[in-house]
Amino acid sequence: MLETAEVRRQLTHRLADLRKAQAQRRAAADAARAAFDGVLEREIAPTVRQFAQALKAEGFAFSVQTPASTVRLVSDRSSDNVIDIVLELGGPQPTVVVHSAYTRGRRQLEDERTLAQGDGIADLDGERVLAVLLDVIEPFVER
């Protein structure tokens with residue numbers, strides 16, 4: 001049987017490690033949030049707006065919405081068909097995710113792709129955003 005003092009000592013060390021890790025995650029999340037807000041205004045939102053305009057020129061009606069720290073490209077034909085670019089803070093490191101959802105008959109299909117993680121969030125540029133949008137647009141423009 002273990003000594004009670006030894007159990008408490010190990011628990012105390014583990015709790016200290018967890019508190020330190022939690023503080024580091026909070027700091028990383030705050031830095032990622034600040035980086036994402038900057039790149040959202042500077043690169044992501046303008047690229048998505050240009051993409052929506054190009055889609056409209058090709059006969060596909062899409063609107064751009066910018067709810068709290070998100071950019072959303074929504075089909076004007078069906079509000080169930082959306083592409084969201086959002087910062088996710090729940091994983092091991094902050095991640096910018098492109099989430100798409102679209103319907104086929106009665107089925108709702110979804111796809112999720114990572115655009116950037118951690119320190120790479122600040123380095124996001126319009127070209128990378130455009131490349132992902134071009135990847136995920138196929139089911140939205142199929143006729």
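Tutor: Let's start with a word we'll need: a residue is buried when its relative accessible area is under 20%, exposed when over 50%, and partly exposed in between (1.4 Å probe, protein chains only). By that count, 34% of the chain's 143 residues are buried. Keep in mind that this is a predicted model, where local features need pLDDT of at least 70, side-chain atom pairs count only at pLDDT 80 or more, and totals for chains, interfaces and linings use all residues. Residues are numbered from 1 along each chain as its sequence is written, and side-chain values use heavy atoms, leaving out hydrogens and water.

Strand 4 is mostly covered, with 8 of its 10 residues buried. On one side of the pairing story is strand 3 (residues 82-88), which runs antiparallel to strand 4 over 7 bridges; two strands pair if DSSP finds at least two bridges between them. Here Glu-88 has Thr-95 of strand 4 as its bridge partner, and a hairpin of 6 residues links strand 3 to strand 4.

Strand 4 also pairs with strand 5 (residues 107-117), again antiparallel, over 10 bridges. Val-97 finds its bridge partner in Thr-114 of strand 5. The hairpin of these two strands has 2 residues between them, and Gly-105 there takes a positive phi near 65°.

Stepping back, the chain holds 3 helices and 5 strands, in the order α-β-β-β-β-β-α-α along the sequence.

Definitions and conventions: Helices (H or I, at least four residues) and strands (E, at least two) are DSSP runs, numbered from the N terminus.
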